[in-house]
Amino acid sequence: QVQLLESGGGLVQAGGSLRLSCEASGSFRSIIAMGWYRQAPGKQRELVADVASGGRPNYAASVKGRFTISRDNAKNTVYLQMNSLKSEDTAVYYCNVQCVANNGKFSGYWGQGTQVTVSS
């Protein structure tokens, strides 16, 4: 089983910055990819950014150039640096980890979500 611990959400004014962190812990064989999704009220959950192990980051068009995803593989942690925040970035942000479990099966896990609120 994998546990994801998220941190870093909060309230910020438009134009400001926040940094989200998500640490994966527990028992697994390897991590395939780590990423961030978000869900605004009344909307579907959408991909913000993700990065596969050894791969290049992938960003939603709406955040490209403002958000940066990075990983610390030694710590099994993924970060999301969010700059130039806009009111439309307001949402609950969820960490997602895709990994290979100890039994060899591919599994996906979600964090509990962290609220990001951008005031205009």
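A word on the ground rules before we start. This is a predicted model, in which local features need pLDDT of at least 70 and side-chain atom pairs count only at pLDDT 80 or more, while totals for chains, interfaces and linings use all residues. Residues are numbered from 1 along each chain as its sequence is written, and side-chain values use heavy atoms, with hydrogens and water left out.

Let's begin at D89, which sits in the loop between strand 8 (77–82) and strand 9 (91–100); strands here are DSSP runs of E with at least two residues, numbered from the N terminus. D89 has a relative accessible area of 0%, so it counts as buried (under 20% relative accessible area, with exposed over 50% and partly exposed in between, using a 1.4 Å probe and protein chains only). Which residues does D89 touch, leaving aside its neighbours within four places in sequence? They are R38, R66, F67, S84, V116 and V118, where contact means heavy atoms within 4.5 Å.

How many salt bridges does the structure hold? There are three, a salt bridge being a side-chain nitrogen of Lys or Arg within 4 Å of a carboxyl oxygen of Asp or Glu. One of them joins D89 to R38, with the closest N and O atoms 2.9 Å apart. Because D89 lies in the loop between strand 8 and strand 9 while R38 belongs to strand 4 (residues 30–39), this pair ties together parts that are 51 residues apart in sequence. Both residues of the pair, D89 and R38, are buried.

D89 also meets R66 through their side chains, in a salt bridge of 2.7 Å from N to O. R66 lies in the loop between strand 6 (58–59) and strand 7 (67–72), and D89 in the loop between strand 8 and strand 9, so here the parts tied together are 23 residues apart in sequence. R66 is buried, as is D89.

Now step back to R38, where we find another salt bridge. Its partner is E46, and the closest N and O atoms are 2.8 Å apart.

How values were computed. Helices (H or I, at least four residues) and strands (E, at least two) are DSSP runs, numbered from the N terminus.
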